Amino acid sequence: MGGSQTRPEQNQYQDLVQKTGFSLEQIKNLHKRFRQLSENKETISRESLEKVVSLANNPIKKQIIEAFFDKRNQGQDEAGSSQEIGFEQFLKVMAHFRPPTLKTSPEEREAMRKEKLRFLFNMHDTDSDGTITLAEYRTAPDDFYEGITFEHFEQILKGLEMETRMHIRFLDVDTTTMHCGKSTS
């Protein structure tokens, strides 16, 4: 009986491997973490992410949480925000934090960089108009007072190596040994 339930789950996970680039093991671990955060519900809310202790003192906690509910970060072609997200949307957002592997080609590395930049841009473009205004990003230099487009944002961060820096370390850790996103070992 358990085997018949595992096959559809593996097929679903295999589909998510293709969509996100995560390994099957990483997806299983992230699903366990999702179930913990959602208290075994099918969807997760902002309030669930508010409880993540490792985000408690992060100065951009609000933007990080909002990024999970931004439809642009979930691979949707529309702007806007979801009230709750399911596991697939959660996984698509988490994929932005996936580090490159040794097998990552230069073309794939560049695509990852652009996706991470787009994710960061979306975090600051809170009204989804394609421009970061000073009201949205107060630390921008004065000469950008009209706003920063994604192309300009990309140019500003051109020299910043982010493919390996913008990631989450717990992706390959067994969630039974995790405490709020960190390994306890």
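## The nonpolar cores

The largest nonpolar core of this predicted model has 27 residues, and those with the most contacts inside it are F22, I27, L49, F68, F87, F90 and L91. A nonpolar core here is a set of buried Ala, Val, Leu, Ile, Met, Phe, Trp, Tyr and Cys residues joined through side-chain atoms within 4.5 Å. Buried means under 20% relative accessible area, exposed means over 50%, and partly exposed covers what lies in between, using a 1.4 Å probe and protein chains only. Helices α1 (2-20) and α2 (24-38), together with α4, α5 and α6, each supply at least two residues of this core. A second, separate core has six residues, among them L117, F121, F150 and F153. In soluble globular proteins, nonpolar side chains tend to be buried together.

Leaving aside neighbours within four places in sequence, F87 is in contact (heavy atoms within 4.5 Å) with Y13, L16, I27, L30, H31, F34 and E42.

## The overall layout

The model is a prediction: local features need pLDDT of at least 70 and side-chain atom pairs count only at pLDDT 80 or more, while totals for chains, interfaces and linings use all residues. Residues are numbered from 1 along each chain as its sequence is written, and side-chain values use heavy atoms, with hydrogens and water left out.

The protein has seven helices and six strands, which run α-α-β-α-α-β-α-α-β-β-α-β-β from the N terminus on. These elements are DSSP runs numbered from the N terminus, with helices (H or I) of at least four residues and strands (E) of at least two. Of the 185 residues, 39% count as buried. Among contacts with a separation of 6 or more, 52% come from residues 24 or more positions apart.

## Helix α4 and its cover

Which residues of α4 are buried? They are K61, I64, I65, A67, F68 and F69. The cover over the buried residues of α4 includes β1 (43-45), α3 (46-50), β2, α5 and α6.

## Aromatic rings

A search of the whole structure finds seven aromatic pairs. Rings of Phe, Tyr and Trp (its six-membered ring) pair if their centres lie within 6.5 Å; planes under 30 degrees apart count as stacked, over 60 as edge-to-face and the rest as tilted. F97 and F119 form an edge-to-face pair, with 5.3 Å centre to centre and 75 degrees between the planes. F97 lies in the loop between α5 (87-94) and α6 (106-124) and F119 in helix α6, so the pair ties together parts that are 22 residues apart in sequence. Both F97 and F119 are buried. Elsewhere, Y13, F34, F68, F87 and F90 form one aromatic cluster.

The charged end of R46 is over the ring of F69, 4.4 Å from its centre. R118 lies over the face of F150, at 3.6 Å from the ring centre.

## The loop between α4 and β2

Is S82 buried or exposed? S82, in the loop between α4 (61-69) and β2 (84-86), is buried, with a relative accessible area of 10%. Beyond its neighbours within four places in sequence, S82 is in contact with R46, F69, K71 and Q74.

D70 lies in the loop between α4 and β2, and counts as buried at 10% relative accessibility. The side chains of D70 and R72 are joined by a polar contact of 2.6 Å. A polar contact is a pair of N or O atoms within 3.5 Å; within protein, one must be able to donate a hydrogen and the other to accept it, and residues adjacent in sequence count only if both atoms are side-chain atoms. Neighbours within four places aside, D70 is in contact with G80 and N122.

S38, in helix α2, is buried, with a relative accessible area of 2%. A polar atom of the S38 side chain lies 3.0 Å from the backbone oxygen of K41. S38 also touches T43, I44 and S48, not counting residues up to four places away in sequence.

The loop between α2 and β1 holds E39 and N40. Phi of E39 is positive, near 55 degrees, in a residue other than glycine. N40 is not a glycine either, yet has a positive phi of about 65 degrees. N40 is exposed, with a relative accessible area of 54%.

Definitions and conventions. A charge sits over a ring if NZ of Lys or CZ of Arg is within 6 Å of the ring centre and within 35 degrees of the ring normal.
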